[in-house]
Amino acid sequence: MKNAIYIIAIAMLTLTSCKNEATAEENALATQIEAYDALMTEAMEVHDEIMPKMGELMELKGEITEKAEAGELSDQTAISSTAEELKASHDGMMTWMKDYSEKFPYGDPSPETKEAIDKKMPVLEQEVEEIKNLRDKTMQAIDNAKALLNK
């Protein structure tokens, strides 16, 4: 009888420890999914921050072109480099959005396995870094254009 109690106790401990290991793996996966979702949100927040600036980029470029043609701006190097910065920022945003939507199509669910997260997370991290860099370049291009136009 004592042996039966020991065997049952050992079996219960074994089953409980296996359940805890599975729960730890599930928790780790849930944490990875949360981190993935947070990065997706961050990418969209940065996108949403600079997307409205695309119109401003083109307006500033048009203003610079008009004033340069009218002779109101004379520093051809500054005109050229500022106009190129504005265009590069706009083009960069269009390219980023196209690439991002190909890699992370709208409506795709978050990865549900460790393997899928391990595959997609580095790509997402790179995309977030790219959009942050693009944000910085866009804001700098706008500042440079406003300085050139004395705004």
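User: What makes the largest nonpolar core a core, and which residues have the most contacts inside it?

Analyst: A nonpolar core is a set of buried Ala, Val, Leu, Ile, Met, Phe, Trp, Tyr and Cys residues joined through side-chain atoms within 4.5 Å. Here the largest such set has 28 residues, and Ile 64, Leu 86, Leu 124 and Ile 131 have the most contacts inside it. Helix 4 (114–148) is among the helices that supply at least two residues each, and the largest share, 10 residues, comes from helix 4. Helices are DSSP runs (H or I, at least four residues), numbered from the N terminus. Please keep in mind that this is a predicted model: local features need pLDDT of at least 70, side-chain atom pairs count only at pLDDT 80 or more, and totals for chains, interfaces and linings use all residues. Residues are numbered from 1 along each chain as its sequence is written, and side-chain values use heavy atoms, leaving out hydrogens and water.

User: Why does Glu 127 count as buried?

Analyst: Buried means under 20% relative accessible area, exposed over 50%, partly exposed in between (1.4 Å probe, protein chains only). Glu 127 has 0% relative accessibility, so Glu 127 counts as buried.

User: What makes the pairing of Glu 127 with Lys 103 a polar contact?

Analyst: The term needs a pair of N or O atoms within 3.5 Å; within protein, one must be able to donate a hydrogen and the other to accept it, and residues adjacent in sequence count only if both atoms are side-chain atoms. The two side chains make theirs at 2.7 Å.
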